[in-house]
Amino acid sequence: MPCATASNFTFTVPNNGVPAATDVSSPDNVICLGETVTLNAVGAESFIWTDSFGQQLSTTSSLNNAISESQYIYALGSTICSSDLDSIFVQVNPTPIPSPTASESNCVGDDVQLNANLSIPGVTTWIGPNNYFSNALNPVLSNVNINTGGVYYVTASADGCFSSLVPVTVTITPTPIANPQTAGVVCEGQSLLLIGNPGMDNYEWSGPNGFVSEVETPEILNASVLNEGTYSLIVTDNGCVSAASSINAQITPNPIVQAAPISAICDGEDLQLLANSISSASYQWTGPNGFSSIDQNPLITGASLNDA
């Protein structure tokens with residue numbers, strides 16, 4: 001009979017590992033639009049992250065991605081023997097975005113309207129010159145002055161999401177000052193020239209005898225005492241209207257001169273010329289033989305027939 005022998009064999013039973021038990025967690029699964037969400041997964045050896053639309057996001061145990069809208073995020077964890085799926089809902093809150101505006105053509109003393117124009121409802125905060133602060137959605141700057149002008153900023157928030165500061169410029173136009181003038185002393189029959197300050201957009205003159213004009217420098221021809229009195233001017237510049245300012249125009253009547261009759265004199269005698277006295281008047285005599293004088297009562301000594 002053949003001889004029997006004995007042999008020893010070693011068998012290794014494969015270790016199929018621990019079944020996957022995927023568990024997803026997050027320190028904060030509520031984020032603002034544009035922020036990054038941090039998700040962590042445990043309970044498996046490898047992971048595949050996907051969004052609600054099947055888009056693969058990561059293959060590591062942690063996910064740090066910007067999510068554009070609220071949705072479920074899935075983590076598929078795997079070991080050598082099994083796979084397991086877990087998910088977490090990530091809420092994405094939109095941020096209200098301001099697009100601020102301010103009323104235009106603002107004059108000193110006006111009210112200026114500020115508007116936040118939020119993309120979605122939210123709470124606003126306004127800051128600006130001179131320590132300005134307001135939580136109103138659309139505040140009003142009342143009775144503004146030059147110092148009110150400048151750059152104002154607004155920020156908005158909703159559900160813990162805050163926008164950046166967005167600027168808007170408020171422009172305040174100074175109120176023009178009317179400065180009426182005349183060209184000086186005007187005698188009766190001359191032209192009365194009224195002079196407005198140059199460079200304004202509009203002029204409104206008014207005065208005696210029903211006078212009105214809309215030109216910068218109106219002229220009243222052949223002025224008389226009916227044109228004497230107070231003239232008022234209102235100017236408009238860049239949409240802002242001045243207060244009325246006035247000036248007094250005086251029309252000086254023409255003097256009436258009278259020469260006294262001259263009695264007959266003899267050749268060689270002195271000839272006395274006489275004129276009535278007028279206060280502040282100047283005189284100009286002319287006559288035969290090239291005679292001229294600026295005296296009120298000139299004397300021609302030794303008059304001859306040539307002086308007649």
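Predicted model: local features only at pLDDT ≥ 70, side-chain atom pairs only at ≥ 80, totals over all residues.
# Reading disulfides, ring pairs and strands

Student: At 8% relative accessibility, does Cys107 count as buried or exposed?

Tutor: Buried means under 20% relative accessible area, exposed means over 50%, and partly exposed lies in between, computed with a 1.4 Å probe on protein chains only. At 8% relative accessibility, Cys107 therefore counts as buried. Cys240, at 1% relative accessibility, counts as buried. By contrast, Cys81 counts as partly exposed, with 35% relative accessibility.

Student: How many disulfides does a search of the whole structure find?

Tutor: A disulfide is a covalent bond between the sulfur atoms of two cysteines. The criterion applied here is a pair of cysteine sulfur atoms within 2.5 Å. The search of the whole structure finds two disulfides. With bonded cysteines counted along the chain, their pattern is 1-3, 2-4.

Student: Which residue does the disulfide of Cys107 join, and how is the bond turned?

Tutor: Cys107 is joined to Cys240, with an S to S distance of 2.0 Å. The torsion about this S-S bond is about -95 degrees, so the disulfide is left-handed. The pair links distant parts of the chain, 133 residues apart: Cys107 belongs to strand β10 (residues 106-107) and Cys240 to strand β26 (residues 240-241). Strands are DSSP runs (E, at least two residues), numbered from the N terminus.

Student: Which cysteine is joined to Cys32?

Tutor: Cys32 is joined to Cys161, and their sulfur atoms are 2.0 Å apart. The S-S torsion of Cys32 and Cys161 is about -95 degrees, so this disulfide is left-handed. Cys32 lies in strand β2 (residues 30-32) and Cys161 in strand β16 (residues 161-162), so the pair ties together parts that are 129 residues apart in sequence. Both Cys32 and Cys161 are buried.

Student: How many aromatic pairs does the structure hold?

Tutor: Rings of Phe, Tyr and Trp (its six-membered ring) pair if their centres lie within 6.5 Å; planes under 30 degrees apart count as stacked, over 60 as edge-to-face and the rest as tilted. The structure holds four aromatic pairs. One of them is the edge-to-face pair of Tyr72 and Phe89, at 5.1 Å centre to centre with 65 degrees between the planes. Tyr72 is in strand β7 (residues 71-78) and Phe89 in strand β8 (residues 83-93), so the pair ties together parts that are 17 residues apart in sequence. Tyr72, at 42% relative accessibility, counts as partly exposed, and Phe89, at 34%, also counts as partly exposed.

Student: Why is the pair of Phe211 and Tyr231 edge-to-face?

Tutor: The ring centres of Phe211 and Tyr231 are 5.5 Å apart and their planes stand at 70 degrees, so the pair is edge-to-face. The pair links distant parts of the chain, 20 residues apart, with Phe211 in strand β23 (residues 211-213) and Tyr231 in strand β25 (residues 229-237). Both Phe211 and Tyr231 are buried.

Student: Which residues do ring pairs link into a cluster?

Tutor: The cluster consists of Tyr72, Tyr74 and Phe89, linked by ring pairs.

Student: What is the order of the open sheet of three strands?

Tutor: Two strands pair if DSSP finds at least two bridges between them. The order of this open sheet is β1-β3-β6, with antiparallel pairing. Its edge strands, β1 (23-25) and β6 (62-66), each pair on one side only. Neighbouring strands of the sheet are turned against each other by 25 degrees on average, direction ignored; the axes are lines fitted to C-alpha atoms, and angles run from 0 to 180 degrees between N-to-C directions. Between β1 and β3 (residues 36-42) the antiparallel pairing extends over three bridges. Within it, Ser25 stands opposite Asn40 in β3.

Student: Where is Asn222 found, and which residues does Asn222 touch?

Tutor: Asn222 is found in the loop between β24 (219-220) and β25, and at 57% relative accessibility it counts as exposed. Contact means heavy atoms within 4.5 Å. Not counting residues up to four places away in sequence, Asn222 touches Gly189, Gln190, Ser191 and Asn227. The C-alpha atoms of Asn222 and Glu188 are separated by 7.1 Å, although these residues are 34 residues apart along the chain.

Terms used: Residues numbered from 1 in each chain as written. Heavy atoms only, no water. Helix = DSSP H or I, 4+ residues; strand = E, 2+ residues; numbered from the N terminus.
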